[in-house]
Amino acid sequence: MQRNALEYLQASVARFPDKIAFADSDEALTFAQLESRGQALATHIAKKTKHINRPIAVLVERTAATLAAFFAVLYSGNYYVPLDSQMPVERLKDILARLNPLFVVHSNKTRTLAEQLSCPIISAEEGFSTEPDIVIVKSRVARVLDIDPVYVIFTSGSTGTPKGIVISHRSLIDFTDWMADTFDFTESDVLANQAPYYFDLSVKDIYLTLKCAATTHIIPKKLFMTPLVLVQFIDDVKATSLVWATAAFHLLANSGALDKIAPQSLNKIILGGEAMYAKQLNIWRHALPDVNYVNLYGPTEVTVDCTYYKIDRRYQDDEVIPIGIPCENKEVMLLDEDLQPVPSGQPGEICVRGTGLAHGYYGDNEKTDIAFVQNPFNPHYPDKIYRTGDIGILNEEGLFCFASRRDDQIKHMGYRIELGEIEAHLASLPKIRELACFFDKERDKIVCAYAGETQPKEILADIRDMLPKYMYPNIFIKKDSLPRNANDKIDRVKLKEEYFNESS
């Protein structure tokens, strides 16, 4: 029985030691090199600490070396926490204060950042040059159970504090095995990685590559600014599979690049992260009619995805693309506010159970108990379901469709964001008296209405060290004061009505 995600890497090393696993702009690492680098850095970590099953943060770059660092953490008997190296320092410090990791692993490029974080640090390059001690590595890996964490990914939090979602080896193995079998991934596949490694969508690229002995080319970030060059890159590496955020899929569709270059090596495109639109799907289908297109749905808390839909018919531009049926070993239910089944054809909150459920939120039992609740249909023993906060509906074909968010959590530019976190940081600025944020879904814009003695340019300058760019408001509305409702709370409904009436 497999109990550690590293067994995927070890099996691929045995089959194809010299085959390229991951390639970036500067280097390509074979499966054997990934293993040796991982075990070397793991030895370096083991010499500095006796602990296992503790978090070790990794400052993420779009490199194969970053992945080797992930595997090193696992070889050391611990679990990795990917952190965006472009994230503002104060936000990183907030995460690390909650996480209390053993170390922060950095590269030569991110050393200066690491030194600002008030945590013990380890150089990846120094670790990679260490002589591996296989006995130490094996003894540490042997102590890890499949219920132990493999990674923690932090997402935006509604109170201004990011949430660390704890995923186990068993959940990851369960999901990866299902992905490989359901979508026929093999050693012949070539993936073109789009998702950053601090975004859980990238888990699919990473572990499908390890399990199937496939090859993944890491797309340079700058190529997403030049769609034609991006499509040429996909064509040049002869990618067979794109496992992408839907936002990137839409970007290429809208760019017109597919009219000029249509990579003929592609045979499957698997999407997730936000709603897929039929208009953009049809642009891709016109360019690449023989590709298999798949729509996935799921929050990080269920180990990447919990439903899937192999798109098997043509859709008109204004039709809704379903999110499909449950992934294997996951049950998906639509429940009302009392956690009872909704009538057929009626919307309800999407709730999930199965081995994919996260252990909860790192260091936050209160939030865990709110989101991960006892299965209302089984009072006899612990049996958790996850309340996604998303509203779905079952269509006439028996397929789940996404409808909306229950609260203010949004999907913007491929990222899962809670508007409350943006508000919490903006409210801390001295020149802002009051504010409210909401989302213009049609235009994919975050809107901030505020009252205060400041201008939008000043606000953006002030939050540079607080929030990543994808969380910046796109539209600012300055008012003398914000409307209030009968409870003396900011009247968000009225704010939205005023905005959309003026925008129409």
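This is a predicted model: local features need pLDDT of at least 70, side-chain atom pairs count only at pLDDT 80 or more; totals for chains, interfaces and linings use all residues.
Which residues does Tyr207 touch, not counting residues up to four places away in sequence? Residues are numbered from 1 along each chain as its sequence is written, and side-chain values use heavy atoms, with hydrogens and water left out.

**View 1. Contacts of Tyr207.** Tyr207 touches Ala5, Tyr8, Phe71, Leu74, Tyr80, Val150, Leu172 and Thr176; contact means heavy atoms within 4.5 Å.

**View 2. The nonpolar cores.** The largest nonpolar core has 106 residues, and those with the most contacts inside it are Phe71, Tyr207 and Leu426. Helix α3 (residues 64-75) gives the largest share of this core, 11 residues. A second, separate core of 35 residues includes Ile219, Val231, Ile269 and Ile311. A nonpolar core is a set of buried Ala, Val, Leu, Ile, Met, Phe, Trp, Tyr and Cys residues joined through side-chain atoms within 4.5 Å, where buried means under 20% relative accessible area (1.4 Å probe, protein chains only).

**View 3. The largest cavity.** The structure holds 2 cavities of 30 Å³ or more, and the largest has a volume of about 340 Å³. A cavity is a set of points on a 1 Å grid over the protein atoms alone where a 1.4 Å probe fits but cannot get out; lining residues have an atom within 4 Å of a point. Grid points are joined across faces, edges and corners, and a volume is the space filled by probe spheres set on the points. Of the 28 lining residues, Thr155, Tyr198, Phe199, Asp200 and Arg416 lie nearest the centre of the largest cavity. Its lining divides into 14 nonpolar, 7 polar and 7 charged residues; Ala, Val, Leu, Ile, Met, Phe, Trp, Tyr, Cys and Pro count as nonpolar, Asp, Glu, Lys and Arg as charged, and the others, Gly among them, as polar.

**View 4. The second largest cavity.** About 40 Å³ of space lies in this cavity. Its lining consists of Phe70, Tyr80, Pro82, Tyr151, Ile153, Tyr197, Ser202, Val203 and Ile206. By class, 8 of these are nonpolar, 1 is polar and none is charged.

**View 5. Surroundings of Thr300.** Thr300 is buried, with a relative accessible area of 6%. Not counting residues up to four places away in sequence, Thr300 touches Ile153, Thr155, Ile165, Ile167, Asp200 and Arg416.

Technical notes. On a 1 Å grid over the protein atoms alone, a cavity is a set of points where a 1.4 Å probe fits but cannot get out, and a pocket is an open set with protein on both sides within 12 Å along at least five of seven lines; lining residues have an atom within 4 Å of a point. Buried means under 20% relative accessible area, exposed over 50%, partly exposed in between (1.4 Å probe, protein chains only). Helices (H or I, at least four residues) and strands (E, at least two) are DSSP runs, numbered from the N terminus.
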